[in-house]
Amino acid sequence: MRRIGVFVCHCGSNIAATVDVKKVVEMALNEQGVVHAEDYPYMCSEAGQSRIAEAIKEKQLSGIVVCSCSPRMHEATFRKCAETCGLNPYLVEIANIREHCSWIHKDVEEATEKAVILMRAAVAKVHLNAPLQAGESAVTKRALVIGGGIAGIQTAIDIADAGYKVDIVEKTPSIGGRMSQLDKTFPTLDCSACILTPKMVEAASHENITIHTYSEVEKVSGFVGNFTVDIRKKARFVNMDKCTGCGVCQEKCPSKKPLNEFNRGLNTRTAIYTPFAQAIPNVPVIDPQSCIKLNTGKCGVCEKFCQVGAIDYTQKDEIITESYGAIVVATGFDTINLDKYGEYAYNESKDVITSLELERIMNAAGPTKGHLERLSDGKAPKEIVFIQCVGSRCSDQRGKPYCSKICCMYTAKHAMLIRDKYPDTNVTVFYIDVRTPGKNFDEFYRRAVEDYGVNYVKGQVGKVAPQPDGSLLVHGVDLLENKQILKKADMVVLATAIEPNPDVRKIATMLTASIDTNNFLTEAHPKLRPVESPTAGVFLSGVCQGPKDIPETVAQAGAAAVKVIGLLAKDKLKTNPCTAKADELRCNGCSQCANVCPYGAISYEVRQVNDHGIREDRRIAVVNSALCQGCGACTVTCPSGAMDLQGFSNRQIIAEVDAICR
Amino acid sequence: MSAVERIKEISGVNPLKCMKCGKCSASCPSFDAMDIKPHQFVSYVINDDVEALANSKSAWKCLSCFACIERCPRDVQPGKLIDAARQMLIRQRGQEGLSPDEIPALLDDETPQQLLMSAFRKYRR
Ligand SMILES: Cc1cc2nc3c(=O)[nH]c(=O)nc-3n(C[C@H](O)[C@H](O)[C@H](O)COP(=O)(O)OP(=O)(O)OC[C@H]3O[C@@H](n4cnc5c(N)ncnc54)[C@H](O)[C@@H]3O)c2cc1C
Ligand code: SF4
Ligand code: SF4
Ligand code: SF4
Ligand code: SF4
């Protein structure tokens, strides 16, 4: 019989205001095996822990129950406390009477009753707990970064500078991400390429960084410290080792129809292309959809003109397999599709554009060579209207419920740049709120109003109506004047909501990392662990976790790198001893558990068993405890009840349920 | 039940979802004819000022064109609130249960045709 101690925490008033802690102590003393029970204002404090330690020693406790907050908060604290007194840490159980009880109930009597029941269940379980020993697993000292935008680049550089190997997997032909598409950047208005290109070069030339562009992660297996990843390197049809990046192939390619993705489809490119001049690597790819040679067998112009024989039409996709200790997701974002916003006439008029399209139009390498002009007739716009929050802050199923956070600032940037370069062009911004928190940010927006004469009007636009004369009639409202406004504009720019790159769902599934209802990756804790995913060994960097601008992205990228470095610096990781185990007498070798195990931890072996005196060879499930993550999928699947999770055995769980129903 | 509760119940709308963006008022074809503009209408309901709404022209100037209902980004759908207010006022005045032959007597030049159609839909289902 175990000698059990029960420790009831007040958590200040968090628990004690709703749960009668004295009553829980009193009831605990009635439970079988409980030889000690007490309450204390803060069990997790040093004083609280030393009371537990004293009780363990004085009363020779062989199991303890702490009635407190969620085990996610302090299970580790109390286990460590027990361990220092010589009690196996797995003989500690937490009854969560805060999140599961005091925080969600109002009535003291009911909450107390529930707290007693939760305590009782934990006591019943601890009677059956067995001492467990954590094992060890090695750490592969290499990290993978998925996504080569500014977030991925910065994380990779920081990890590499600490002396660890890093691979970047980027799905497009070049690293750089959205930042490479921007013209100038707030809040300092420096040119985006001028600050990004050195980072790209640094990553590419770093001895510890390997970049796989035009590549995608195909499969992930393993666990923290020991991931195995299949990477698909898409066929470029250009030999990376031979190509010198001279660009003659792109000049000569006769297939000139495909839309230029880098310029947001505002102009076209050739079938063989490098997305932009500063691309890294500076090696083109052939887009197999539009290459004449690959589709009809004729053409071959690029091959003819390439001086170094780098073109190779026979290249195939290649799958490489690599091992990593940690994985960082940095897959970034895109702007939302505007099909559902018919009132803004985005699909009707070429002169209604998104802000990202405006970035390309303002950029010297863009479709208009940096001249601000209407895409319909090439005329210079004299009257420009910006509409804020398009698809952001919407709870109407058409858009996104969140604020995209960057658009108030980039619109102020766009408005200022336009007024600076084209002083006779009027700029009106229709806003709901101007949200510019951040160092030097509000000052930046005020400059647009005070120094550049940008006309800010409070009120969302209802409709943009293209007119027969080619202009756009904007139906707005000035809420401060309480007046409707009909404004004729030459160009309308939509501050379009951003959303996580749609691919992220696939990546999250592969990594068993969780995402929220908006497809942003979820942090392990929204305040205290913002760059870690709840899945051990998976970290988050950049906009894939939530909307951010470049300064915030870079800061978070560095934070993610530090977490990765902390992990890779360890030689061994403690493994969770709560792994599954098959009872050889009950297992009938049906394979159902192996089919559900997400970590491939289960195999089968033929073994001689002695079933009540009958000796026979049977096919039996064997769990590799180094791979098992203790998820429990197999235990609920096994039709014969042969699979058990150590620390959460069927017997223990039934005992808890019995105690609750008692 | 207070008048405001009644309006909320009839319309099924939670006015507190309004973020005061004004897209309804920007969209409203009757804006100039209304003394209380669509986005203000929502605030009046929030502030429990039904009397002002009852004395305003707005309820009778709304065309039930549904532009605001279609476009409101927060699903507040002010047109529904206005419609509910109108319905409540009509009932208070004992005018519910319109029959076609009573209508000519009630007509005044100010009443938009669509409003009549809405009334038919509502009271003669
Ligand atoms: C119009 C506009 C103007 C802006 N102006 C400014 C500004 O002036 N100043 C400022 O601070 N911020 C600005 N921003 C914000 C800035 O663009 C972002 O903060 C920044 O780009 C975020 O970087 P990221 O690396 O997280 O994402 P991204 O730049 O989106 O990079 C993600 C990368 O991951 C790759 N990827 C995606 N999925 C996969 C996959 N499955 N496998 C492999 N690779 C993948 C993508 O191809 C991309 O290269 C602006 C944004 C917009 C839309
Ligand atoms: S940042 Fe500004 S424009 Fe963008 S969604 Fe938020 S409030 Fe709207
Ligand atoms: S508990 Fe079972 S299903 Fe889950 S990882 Fe372990 S062996 Fe696989
Ligand atoms: S459109 Fe909707 S959210 Fe905006 S002011 Fe009108 S009712 Fe409120
Ligand atoms: S339904 Fe009424 S309030 Fe709404 S836009 Fe139409 S006329 Fe205006």
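Me: A residue is near a molecule or strand if one of its heavy atoms lies within 4 Å of it. Which residues surround ligand 2?

Reply: This is a predicted model, in which local features need pLDDT of at least 70, side-chain atom pairs need 80 or more, and totals for chains, interfaces and linings use all residues. Residues are numbered from 1 along each chain as written, chains are lettered from A and ligands numbered from 1 in written order, and side-chain values use heavy atoms, without hydrogens or water. Around ligand 2 stand Gln388(A), Cys389(A), Ser392(A), Arg393(A), Cys403(A), Ser404(A), Lys405(A), Cys407(A), Cys408(A), Asp433(A) and Arg435(A). Strand S19 (383-390) and helix H12 (407-421) of chain A each give two or more residues to this shell; helices (H or I, at least four residues) and strands (E, at least two) are DSSP runs, numbered from the N terminus.

Me: What is the strand order in the open sheet of four strands?

Reply: Strands of a sheet pair through backbone hydrogen bonds, parallel or antiparallel. Here the order is S2-S1-S3-S4 (chain A), with parallel pairing (at least two DSSP bridges between two strands). Strands S2 (34-40) and S4 (92-96) of chain A are the edges, each pairing on one side only. S1 (residues 4-9) of chain A joins S2(A) over six bridges, and Phe7(A) stands opposite Glu38(A) in S2(A).
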